[in-house]
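I opened my notebook for a friendly first look at a new structure. Here is what I looked up, entry by entry.

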Amino acid sequence: MDKTLEELVQKAEQAYKMAYAPYSAYPVGAAVLWESGRITAGCNVENASYGLTVCAERNAIFQGVALGERTIRAVAIAVPKEEMPTPCGSCRQVIREFAQDCLIILRNGLGQTAQTSLAELLPNSFGPDFLKIT
């Protein structure tokens with residue numbers, strides 16, 4: 001893994017340490033590498049009203065968007081648990097809003113890493129390129 005992608009994974013690992021996950025006890029960290037080279041990170045933030053919970057991936061993406069970013073190159077997701085993480089359906093669709101396809105790196109608490117792509121996780125996806133907004 002190249003230096004930039006390793007940094008991306010490290011930022012995702014750092015982010016899960018800040019997670020607020022009192023209900024699921026499943027802290028998640030995510031980091032997004034943008035086309036500009038900037039990396040933004042986020043953690044999951046749960047809420048007693050479960051529908052108001054925000055996933056780490058969306059937190060990291062929304063931070064980048066707030067800074068003016070619009071194109072995702074890669075996303076790293078990390079957890080301290082043994083099982084390999086994967087983005088939920090909502091997060092897959094939000095990633096798709098800012099990338100037709102991109103690298104997705106997954107890291108578990110044992111230090112094991114897997115790589116996939118948005119196209120593999122969300123085949124035949126629907127995104128903003130389908131809308132003809134002028």
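This is a predicted model: local features need pLDDT of at least 70, side-chain atom pairs count only at pLDDT 80 or more; totals for chains, interfaces and linings use all residues.

I looked up Phe-126 and found it partly exposed, at 49% relative accessibility. For my notes, buried means under 20% relative accessible area, exposed means over 50%, and partly exposed lies in between, with a 1.4 Å probe and protein chains only.

How many aromatic pairs does the structure hold? I found three. Rings of Phe, Tyr and Trp (its six-membered ring) pair if their centres lie within 6.5 Å; planes under 30 degrees apart are stacked, over 60 edge-to-face, and the rest tilted. One of the pairs joins Tyr-23 and Tyr-50 edge-to-face, with 5.8 Å centre to centre and 80 degrees between the planes. This pair links distant parts of the chain, 27 residues apart: Tyr-23 sits in the loop between helix 1 (3-16) and strand 1 (29-34), and Tyr-50 in the loop between strand 2 (39-43) and helix 2 (56-66). Tyr-23 is partly exposed at 41% relative accessible area, while Tyr-50 is exposed at 59%. Phe-126 has a partner too: with Phe-130 it forms a stacked pair, 5.4 Å centre to centre and 25 degrees between the planes. Phe-130 is partly exposed, at 47% relative accessibility.

I listed four helices and five strands. Helices (H or I, at least four residues) and strands (E, at least two) are DSSP runs, numbered from the N terminus. From the N terminus on, I read the order α-β-β-α-β-α-β-β-α. The radius of gyration is 14 Å, close to the 14 Å that the globule rule gives for 134 residues, so the chain is as compact as a globular protein of that length. That radius is taken over C-alpha atoms, and the rule is 2.2 Å times the number of residues to the power 0.38. I also noted that 44% of the 134 residues count as buried.

Which residues have the most contacts inside the largest nonpolar core? I wrote down Val-32, Ile-61, Ile-72, Val-75, Ile-95, Cys-102 and Ile-104, in a core of 21 residues. A nonpolar core is a set of buried Ala, Val, Leu, Ile, Met, Phe, Trp, Tyr and Cys residues joined through side-chain atoms within 4.5 Å. Strand 1, helix 2, strand 3 (72-78), helix 3 (89-97), strand 4 (103-107) and helix 4 (118-121) each supply at least two of its residues. Apart from this core I found another, of 12 residues, including Leu-5, Tyr-16, Ala-74 and Ile-105.

I counted zero disulfides, a disulfide being a pair of cysteine sulfur atoms within 2.5 Å. Cys-43 is in none, and its nearest cysteine sulfur, that of Cys-55, is 11 Å away. Cys-91 is buried, at 0% relative accessibility, and Cys-43 is buried at 12%.

Methods
Residues are numbered from 1 along each chain as its sequence is written. Side-chain values use heavy atoms; hydrogens and water are left out.
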